[in-house]
Amino acid sequence: MSQPVVLIAEELAPSAIEALGEGFDIRHVDGADRSALLPALAEAHAILIRSATQIDAEALAAAPKLKVVARAGIGLDNVDVPAATARGVLVVNAPQSNIISAAEHAIALLLAVARRVPEANSSMQESLWKRAKYSGVEIAEKTVGVVGLGRIGQLFAARIAAFGTNVIAYDPYLQPARAAAMGVTLVDLPTLLATADIISIHLPRTPETLGLIGEAELRTVKPNVIIINAARGGLIDEQALADAAREGRIGGAGIDVYVTEPATPENPLRGIPNVVLTPHLGASTEEAQDKAGTAVARSVKLALRGDFVPDAVNVQASGPVSDEVRPWIPLVSRLGTVLTAVGGGIPSSVVVEVRGDLAAEDSSILQLAAVRGIFGDVIEESVTFVNAPTLAAANGLTISATSTSEIDDYRSSVTLRAAMPDGATRTVTGTLSGQNQVAKLVEINGRHFDLRAAGHLLLVAYQDRPGVMGTVGAVLGKAGVNIQAAQISQTVSGRAAIMVLRTDAAPSSEILAELETAVEAEAVRAIRPAD
């Protein structure tokens, strides 16, 4: 069997290649060279990029086998995420990889501007001694305004607070209590602009944040304010900032990012005293590059297996997946596979019922996990967390969720309740048991079980009578299939029963037919192990 092709389009840390490990056909291409990139994409199952490679609709159209685009960094300005989502292609990045480096670079820019370091260095390199000309300002006791208190903004705030500063912040999505716990006071943007001695921007570039600080806003700041942008180009109007600096309406600026990158010779910020410019160095540390490469390499391995990828940006869940929810994802996918086997086909609708402690979490990702399991064994197309909603819609499956803290037997459980096309109702329930969170199947169609949900499973529905278990064991034994565990559960009234067995191998279709005849079974279903 041929190995998946992983295309590396830009230079990555050696550790990224090591993290991929064996089992992949690793190829290299210059992602900035369009004439080389497009043909190379034809065979690619995954592509690893940084900032120079454009993965747009044209590139995606040239990559019929592509399953994942992995950006070794935070920003995704060079990836057409909606187009990738429409194609069922997973997009991942490394959101935690460069946050320390970016926060530290913002501090470095601030200190360079405050103490006139670049100009003083240039003067010294020319054998000049101009102490009086390059007098700076202290950071201590200044009011620092942080625009955007996300991961990097929080790191910056913590570091700048150590200088003995008063930190205020503008972030409309952060609760005041959370900011107060960090020693930061939340204010609105006009107040921050008018009050701060130092302003550092830490926002993503979105339609809402583009041009956030322009000519009008820069007319409201203090005359000696220092402005830092090591986040994204375009958040500050470059011409307006250049005009303010030249006219002496601000004390200085440190800029690492630009509307157009590489920054052109005509960029208005060039050649202005006490405006320090760096070529997008926020993530340019050995540590950040190492973290980014290894993070996306691990994500590629998960994505090519069809598993959940924590750093996916285009999975349709309503929020980040918590540590409490994540262990339930493979179990619920497994329940979906069991549900399809029990129902004998794809349901018309499924409700994911979450009970117990888990109900307090955002568990919307479990709906996608259920869909992945439901379709995993019945269609040829690979089912991922990206294309699961599309597949459900195309196959007439509607999926919804309910949750309640009320539960009797377990701390938490998840039930998939399906309506079949013939009007019948089918249910399967699972839980995570014990300190090791062992995935267990605990209910099928109202019958109770306590069986590990791992490995090869065999379901036999029949009318209970003496000798059936022995007959099943004899048929499987003759075929060399070992029974590792087995349970039988009857209905409360009547003799209808379901036997669930865990075996060491998958019984062939001939064995399944023999079993059905031997025990006069209503149904015999084999369920393969999870991927």
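In β7, G145 finds its bridge partner in I168, in a predicted model where local features need pLDDT of at least 70, side-chain atom pairs count only at pLDDT 80 or more, and totals for chains, interfaces and linings use all residues. Numbering starts from 1 along each chain as its sequence is written, and side-chain values use heavy atoms, with hydrogens and water left out. Strands β6 (residues 143-147) and β7 (residues 166-170) run parallel to each other over 5 bridges; two strands pair if DSSP finds at least two bridges between them. Strands (E, at least two residues) and helices (H or I, at least four) are DSSP runs numbered from the N terminus.

The pair belongs to an open, parallel sheet of 7 strands, ordered β8-β7-β6-β9-β10-β11-β12. At its edges sit β8 (185-186) and β12 (275-277), each pairing on one side only. Helix α5 (residues 99-114) packs on this sheet, touching β9 (198-201), β10 (226-229), β11 (252-255) and β12, with contact meaning heavy atoms within 4.5 Å.

Helix α5 also turns up among the elements that the buried residues of α12 pack against, including β1 (5-8) and α1 (14-20). Buried means under 20% relative accessible area, exposed over 50%, and partly exposed in between (1.4 Å probe, protein chains only). Among the buried residues of α12 are A288, G293 and L304. Just after α12 comes G306, with a positive phi of about 85°.

Elsewhere, A486 lies in strand β20 (residues 483-490) and is partly exposed, at 33% relative accessible area. Not counting residues up to four places away in sequence, A486 touches L451, M469, V500 and L501.

Definitions and conventions:
Axes fitted to C-alpha atoms, helices over the stretch in contact; angles between N-to-C directions.
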